[in-house]
Structures are given as C-alpha cells and as structure tokens.
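Hi,

Here is the model I promised to pass on, with some notes on its charged pairs below. Have a look and tell me what you think.

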Amino acid sequence: MNNPIRLYMSMSLDGYIAGPDDRPGQELGRDGGRLFNWLDDRDSDGPSGQVYREATGTGALISGRRTFEFAGRWQGDHHNGVPIFVLTHQVDDGDVPPGHARFVTDVEDCARQARAAAGDRAVMVHGAGAAQALLRAGQLDEMEIHLVPVLLGGGRRLFDHLGGEHIELDLVRRLEDRDVTHLRYRVRRPEEAA
C-alpha cells in the first residue's frame, strides 16, 4: 500500500491513551504523560527513533477535533507544514483553523483529501474519535500502537466506541525499545476476515 492511513497512538496495557480527568490544562489526564516517556529516545538510532522519524515523514495528518483543540491547534503546523485535516461533526461560522489545518465533516471525504495531499507518503492519524470513525468507515489501513508497560486504571480508552463490529488485525511489525513496544497492525478488510 503506497500511502496508508495509519494511526499513531501511545497506549497503556489496559487500553488508555490518556489518564483520568483529561481536560484543557491537563490534556493527558492524571499520569497520562507516562505514555510518552518513550519520546525521550526519539532522536536515537534505535526503534523509537525509527518510529518517530517515520511518523514525522508522513505527508498529511488526520486529527479528531478534540485532539486538535487539546493540542492548541498545533498553531496550524503539526510537522513540516503538512496539511492537517480535522475530522469534526460541525464547523462553526467564522471558525477558521490556523495554518495548514482545515475542518472536514465527512469521514470518507476526509480520507480522500488526506491521501491526495500526502502523495506517496503515509497519512498520520491522531485521536481516538478520528481513529474510530475511520475504522467504522473502512478507511483506516494500519495502526502503530506504542504499547507502554503501565496500567493507568482509568481515563480515555482508544477503542471505546467502535460498536459491535468485529475487526481483524494482522501484526506486521514489532519493535522493542526501552519502556515501549511499537506494534504495527494492518487492518483486514471484511472480505479478508472470512
């Protein structure tokens, strides 16, 4: 697949991407920063450095609205000036996102625009809501889960609102590093799951 739409997400072993009480000013929730300790090695030649370079080598970004707002809208530039497509339920009149960001309300249109903008590079996905919407629409191709050996015990889960649909995954890569296991899964299409 030339330019997959790929989720990049740090997650605790019990499935949380943020600790309890995530809100503005405490965006990762209580103790949620623990999920990102692996980024201390992002400039290394090791697995975490490799994964980080791949993530910042993507050609476009799809973000959920909540993630976009919690991140201060990235001041319009997530990385290297790539287009940011913010998947949202509604756009308020006069709300113009900064820089390279734009709002999109249709999941399939969002995926189509992001793939076109990314050219032959992968599309990065941030946010549980965006990931779940793309999965439900059959538009998420891969997931890069940075699995951190901690049980947060509460917070925001990555896959809470998928509905009852059964989704099969194929593990295509596993990289071990200090304090994290980077797992890449390919999402099987329904016709492959049989």
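R189 and D141 make a salt bridge, with their closest N and O atoms 2.4 Å apart (that is, a side-chain nitrogen of Lys or Arg within 4 Å of a carboxyl oxygen of Asp or Glu). R189 sits in the loop between β10 (180–187) and α5 (190–193), and D141 in the loop between α4 (128–136) and β7 (142–148), so the pair ties together parts that are 48 residues apart in sequence. Helices (H or I, at least four residues) and strands (E, at least two) are DSSP runs, numbered from the N terminus. D141 is buried, at 3% relative accessibility; buried means under 20% relative accessible area, exposed over 50%, and partly exposed in between, with a 1.4 Å probe and protein chains only.

Before going on, the ground rules: this is a predicted model, where local features need pLDDT of at least 70 and side-chain atom pairs count only at pLDDT 80 or more, while totals for chains, interfaces and linings use all residues. Residues are numbered from 1 along each chain as its sequence is written, and side-chain values use heavy atoms, with hydrogens and water left out.

How many salt bridges are there by this rule? The count is 20. One of them joins the side chains of D22 and R156, at 2.9 Å from N to O. Because D22 is in the loop between β2 (16–18) and α1 (47–55) and R156 is in strand β8 (residues 156–157), this pair links parts that are 134 residues apart in sequence. D22 is buried, with a relative accessible area of 14%, whereas R156 is partly exposed at 32%.

Then there's R186 with D170, another salt bridge, where the closest N and O atoms are 2.7 Å apart. Here R186 belongs to strand β10 and D170 to strand β9 (residues 169–177), so the parts tied together are 16 residues apart in sequence.

Q132 is buried, at 5% relative accessibility. Leaving aside residues up to four places away in sequence, Q132 touches R157, L158, F159, D160, H161 and L162, where contact means heavy atoms within 4.5 Å.

Cheers
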